[in-house]
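These are my notebook entries on a single model. I set down what I looked up, in the order in which I went through it.

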Amino acid sequence: MANTSSNQPVSFTQDTLLVAELIALLEREQAHLVKADVDAIEAILEEKSLLLQRLNLAAKARYQLLQANGFSSNESGMSDWVEKQAKKDITAAWVVFQKSLAQAKELNRLNGTLISKHFNRNQELLNHLQGNNDANSVYGPDGQAKSKAPSRSGLIV
């Protein structure tokens, strides 16, 4: 049976605040991606990296407290801890936290799609500037333009 008493209570309050901060940052990043504001995006990258480090540290601390209280040091252990508490406010907060995590993951996925589109557009512009046009290329299996090698017949004279 898991021990639920310890000097420090298990909590995901800090994680929740950090995920809310991450969502706001990802939304700002998305707005800058839509505008193609490269300078603002670069500034956000550093901020996002630091925030993810803080979120990682908070999760590690939560996992250590879970383990100290006899639960698995992972999200499954956290779910078990929440269930063991049998308090509606803790359960509700955990559900909100999980939804916030899902929202952050979706925003990150969308931002990745926007980044990919910018990259592809920039690659097309570079190809055009370098004189690589569609008449000399075909699409490869990865969807990227590949140069078409000149065809040779099988006859050797």
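**Entry 1: confidence**

I take contact to mean heavy atoms within 4.5 Å. Where pLDDT is low, the predicted coordinates should not be read in detail.

I note that this is a predicted model, in which local features need pLDDT of at least 70, side-chain atom pairs count only at pLDDT 80 or more, and totals for chains, interfaces and linings use all residues. Residues are numbered from 1 along each chain as its sequence is written, and side-chain values use heavy atoms, with hydrogens and water left out.

Confidence is highest in α1, at 94, and lowest in strand β1 (residues 137-139), at a mean of 60.

**Entry 2: layout of the chain**

I recorded 4 helices and 2 strands; helices (H or I, at least four residues) and strands (E, at least two) are DSSP runs, numbered from the N terminus. Their order from the N terminus on is α-α-α-α-β-β. Among contacts with a separation of 6 or more, 62% join residues 24 or more positions apart. Of the 157 residues, 25% count as buried; buried means under 20% relative accessible area, exposed over 50%, and partly exposed in between (1.4 Å probe, protein chains only).

**Entry 3: the nonpolar core**

Which residues have the most contacts inside the largest nonpolar core? I found Phe 12, Met 78, Trp 81 and Val 82, in a core of 23 residues. α1, α2, α3 (75-85) and α4 each supply at least two residues of this core. A nonpolar core is here a set of buried Ala, Val, Leu, Ile, Met, Phe, Trp, Tyr and Cys residues joined through side-chain atoms within 4.5 Å. In soluble globular proteins, nonpolar side chains tend to be buried together.

I then followed Trp 81: leaving out residues up to four places away in sequence, Trp 81 touches Val 10, Phe 12, Leu 66, Phe 71 and Ile 90. In helix α3 I also looked up Ser 79, which is partly exposed with a relative accessible area of 32%. The C-alpha atoms of Ser 79 and Val 95 lie 9.8 Å apart, for a sequence separation of 16 residues.

**Entry 4: the second largest pocket**

I turned to the second largest pocket, which holds about 300 Å³ of space. Its lining has 17 residues, and those closest to its centre are Val 19, Leu 22, Leu 52, Leu 55 and Leu 101. On a 1 Å grid over the protein atoms alone, a cavity is a set of points where a 1.4 Å probe fits but cannot get out, whereas a pocket is an open set with protein on both sides within 12 Å along at least five of seven lines; lining residues have an atom within 4 Å of a point. Grid points are joined across faces, edges and corners, and the volume is the space filled by probe spheres set on the points.

α1 (13-35), α2 (38-68) and α4 (88-129) each supply at least two residues of this lining, and α2 gives the largest share, 7 residues. By type, I noted 10 nonpolar, 2 polar and 5 charged residues. Ala, Val, Leu, Ile, Met, Phe, Trp, Tyr, Cys and Pro count as nonpolar, Asp, Glu, Lys and Arg as charged, and the others, Gly among them, as polar.

Is Ser 100 buried or exposed? Ser 100, in helix α4, is buried, with a relative accessible area of 17%. Beyond four places in sequence, Ser 100 is in contact with Val 19 and Ile 23. Gln 98 also lies in helix α4 and counts as partly exposed because its relative accessibility is 31%.

**Entry 5: positive phi**

Most residues other than glycine have a negative phi. Ala 36, in the loop between α1 and α2, has a positive phi near 60 degrees and is partly exposed at 35% relative accessibility. Ala 86, in the loop between α3 and α4, has a positive phi of about 50 degrees and counts as exposed at 65%.

Terms used: pLDDT = per-residue confidence, 0-100.
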